[in-house]
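Please examine the sequence and the structure shown below.

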Amino acid sequence: MEGTAIVMFSGGQDSATCLAWALENFEHVETIGFDYGQTHRVELEVRQKFLEIAMQKFPKWAERLGEDHMVDLGVLGEISDTALTRDRAIELSDAGLPNTFVPGRNLLFLTVAAAVGYRRNAKHIVGGMCETDYSGYPDCRDDTIKALQVAVGLGMEKRYVFHTPLMWIDKAATWKLAHELGGAKLVELIKNETHTCYKGDRSELHEWGYGCGACPACELRASGWAVFANQKQDWSSKPSQAQIT
């Protein structure tokens, strides 16, 4: 696709897969990350290392990757009372949602990414939201993203396209997509150099990546990997979409 895309890259599995998808599909790609006072801020620490290694391993993508934007959204952490912004145990809230839900997070992320896109002349915003394998967050739903796309476009008098490549696929299919985009090389890179665990635990490397192994994010990632690994014979025999040396 023509034009510039801005990828919301947190440093986790989903956003890393979306970054690879964007680099394969757009002529120019920039990344944006958000520091909102998250307790698992190790995800911010792995971002640059992932980008550096990925660009070394995939030179075709390196030619398309532009500036990385880091935005301080500490106010979001200050007004939130969640397990991702406070030292609290992960549990269900009275609303029936896990208390890892940070109200307004994706709404704010997409709006800020679009504001940066306004300055960078980028109408494509890419995010890893998904309502297939997820914790029920209302700001990950397709209807939410589409409604916000319209509102942001009207409010900025600019046509935006919010892309969510993972919206209708589960975690096993997310691993499969990574393989289709960059082969086993990308799968290993995501496994070893991203971070998705809500606890910020990077003490043990599991077969699916680093994490505590018990939080909802780890459970989703591990179960998806198990399905993906069981299908290994099917995907390992197929060439990757990105024919990169």
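**Cavities, core and selected residues**

The lining of the largest cavity is made up of 15 nonpolar, 12 polar and six charged residues. In this classification, Ala, Val, Leu, Ile, Met, Phe, Trp, Tyr, Cys and Pro count as nonpolar, Asp, Glu, Lys and Arg as charged, and the others, Gly among them, as polar. A cavity is a set of points, on a 1 Å grid over the protein atoms alone, where a 1.4 Å probe fits but cannot get out, and lining residues have an atom within 4 Å of a point.

The model is predicted, so that local features need pLDDT of at least 70 and side-chain atom pairs count only at pLDDT 80 or more, while totals for chains, interfaces and linings use all residues. Residues are numbered from 1 along each chain as its sequence is written, and side-chain values use heavy atoms, with hydrogens and water left out.

The structure contains two cavities of 30 Å³ or more. The largest cavity holds about 700 Å³ of space; a volume is the space filled by probe spheres set on the points, and grid points are joined across faces, edges and corners. Among its 33 lining residues, Ser 10, Asp 14, Arg 105, Gly 128 and Tyr 198 are the closest to its centre. The elements that give two or more residues to this lining are H1, strand S2 (28–35), helix H2 (42–57), helix H5 (105–120) and helix H8 (216–230). Helices (H or I, at least four residues) and strands (E, at least two) are DSSP runs, numbered from the N terminus.

The second largest cavity holds about 30 Å³ of space. Its lining has nine nonpolar, no polar and no charged residues, including Leu 19, Phe 50, Trp 61 and Leu 186. The largest share of this lining, four residues, comes from H1.

Leu 19 and Leu 186 also belong to the largest nonpolar core, which has 68 residues; together with Ile 32, they touch the most other members. Helix H7 (residues 171–193) contributes the most to this core, with eight residues. Such a core is a set of buried Ala, Val, Leu, Ile, Met, Phe, Trp, Tyr and Cys residues joined through side-chain atoms within 4.5 Å.

How accessible are single residues? Thr 17 is placed in helix H1 (residues 13–25), and it counts as buried because its relative accessibility is 1%. Buried means under 20% relative accessible area, exposed over 50%, and partly exposed in between (1.4 Å probe, protein chains only). Setting aside residues up to four places away in sequence, Thr 17 touches Leu 166, Thr 174, Leu 177, Ala 178, Leu 181 and Ile 190, where contact means heavy atoms within 4.5 Å.

Gly 33 lies in strand S2 and is likewise buried, at 1% relative accessibility. Beyond its neighbours within four places in sequence, Gly 33 is in contact with Phe 9, Arg 47, His 69, Met 70 and Val 71.

Thr 132 is found in the loop between strand S4 (124–126) and helix H6 (142–156). Thr 132 counts as partly exposed because its relative accessible area is 36%. A polar atom of its side chain lies 2.9 Å from the backbone oxygen of Met 167, and the backbone nitrogen of Ile 169 lies 3.4 Å from a polar atom of the side chain of Thr 132.

Conventions
On a 1 Å grid over the protein atoms alone, a cavity is a set of points where a 1.4 Å probe fits but cannot get out, and a pocket is an open set with protein on both sides within 12 Å along at least five of seven lines; lining residues have an atom within 4 Å of a point. A polar contact is a pair of N or O atoms within 3.5 Å; within protein, one must be able to donate a hydrogen and the other to accept it, and residues adjacent in sequence count only if both atoms are side-chain atoms.
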